[in-house]
2 protein chains.
Amino acid sequence: MSYTIGEVAKKMNLSVHTIRYYEKEGLIPSISRTKSGLRTFEDADLEWIKLIECLKATNMPLKDIKTYIDWYIEGDSTIPKRYEMFLKRKQIVENQIKELQKTLTFINFKCNYYENAIKNGSTKMKEKLYK
Amino acid sequence: MSYTIGEVAKKMNLSVHTIRYYEKEGLIPSISRTKSGLRTFEDADLEWIKLIECLKATNMPLKDIKTYIDWYIEGDSTIPKRYEMFLKRKQIVENQIKELQKTLTFINFKCNYYENAIKNGSTKMKEKLYK
DNA sequence: GTTAAAGTTTGACTCAACTCTAGATGTTGA
DNA sequence: TCAACATCTAGAGTTGAGTCAAACTTTAAC
């Protein structure tokens with residue numbers, strides 16, 4: 001099964017521009033082409049795109065994703081590096097979750113204040129609470 | 001207690017440039033100045049900076065943070081809007097946490113594969129697993 | 001066979017969020 | 001007092017991640 005760039009864009013919810021950009025930046029290795037030059041995406045290419053999206057979701061910059069992909073291309077000798085990278089990412093994501101949970105507490109706090117403000121009438125509360 | 005911009009930068013782990021930039025963009029309302037024009041930060045200003053950092057941590061763009069601050073300045077009539085905003089943020093953060101948890105599962109999966117790859121010797125496993 | 005839709009490339013442009021520079025002025029400790 | 005350092009403004013430069021335009025080619029449907 002193979003797809004055109006437009007189909008992939010729809011499937012992955014990206015623009016065709018973005019997909020070309022990712023290829024140009026070396027984030028999707030070896031997309032094959034028809035004789036006439038059109039890109040043909042295989043499921044393996046979609047897997048790469050999913051990986052990019054996944055790492056991007058952890059706020060990993062594209063150049064670091066690129067580094068990882070270069071390691072992959074380099075072959076088995078980079079397996080330890082790649083493993084290290086995922087371990088580090090794991091740490092980072094765990095921290096991000098912790099941070100977001102702290103932020104959520106803060107936001108809930110604000111929500112409660114505003115709820116009270118609205119219920120009790122705004123002027124009854126100290127200004128600073130509304131910040 | 002009041003602080004210079006340099007002290008605030010250290011305290012908040014931001015550059016002085018960034019703090020001036022935030023002020024210029026209207027993210028920190030009414031920082032007072034000495035006669036000679038130097039900024040003097042009060043604890044209330046630090047609270048604003050903390051709020052900015054907090055909202056930024058949720059991937060909120062600065063221009064949306066600005067909108068919120070404008071509402072604050074506008075006064076009590078914007079309290080419902082501000083409340084709505086926090087409710088929306090709450091939703092967003094909850095989703096972000098969910099997404100990150102999915103990502104974490106994926107990363108753990110990768111970690112396991114690489115662990116096995118290293119343990120068993122790389123050539124014994126199918127290439128696709130190392131992606 | 002024509003034509004509209006979708007594909008190609010190169011290179012310029014955009015946008016957010018800083019980040020730095022230059023040249024001037026202000027502050028502080030020996 | 002004066003050297004060293006911090007701060008000021010205005011404006012330019014950078015980075016990351018796209019996004020678009022122009023001019024052209026390929027493909028699919030009729």
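**Exercise 1. Describe the interface of chain A and chain B.**

Step 1: count the residues. In this predicted model, 40 residues of chain A contact 40 residues of chain B (contact: heavy atoms within 4.5 Å). Local features need pLDDT of at least 70, side-chain atom pairs need 80 or more, and totals for chains, interfaces and linings use all residues. Side-chain values use heavy atoms, without hydrogens and water; residues are numbered from 1 along each chain.

Step 2: take the area. About 3800 Å² is buried between the two chains, 74% of it from carbon and sulfur atoms (accessible area, 1.4 Å probe, lost on being put together, summed over both parts).

Step 3: list the elements. Helices H3 (43-56), H4 (62-74) and H5 (79-120) of chain A each give two or more residues to the side that touches chain B (helices: DSSP runs of H or I, at least four residues). H5(A) gives the largest share, 25 residues.

**Exercise 2. Find what surrounds DNA strand C.**

Step 1: check phosphate oxygens. A polar side-chain atom of A:Arg20 lies 3.0 Å from one. For an N or O atom in the side chain of A:Arg33, the distance is 3.1 Å. For B:Tyr22 it is 2.9 Å.

Step 2: assign the elements. H1 (5-12) of chain A and H2 (16-24) of chain B each give two or more residues to this surface. H2(B) gives the most, 4 residues.

Notes:
Chains lettered and ligands numbered in written order. Near = heavy atom within 4 Å. Polar contact = N/O pair within 3.5 Å; in protein donor to acceptor, adjacent residues only side chain to side chain.
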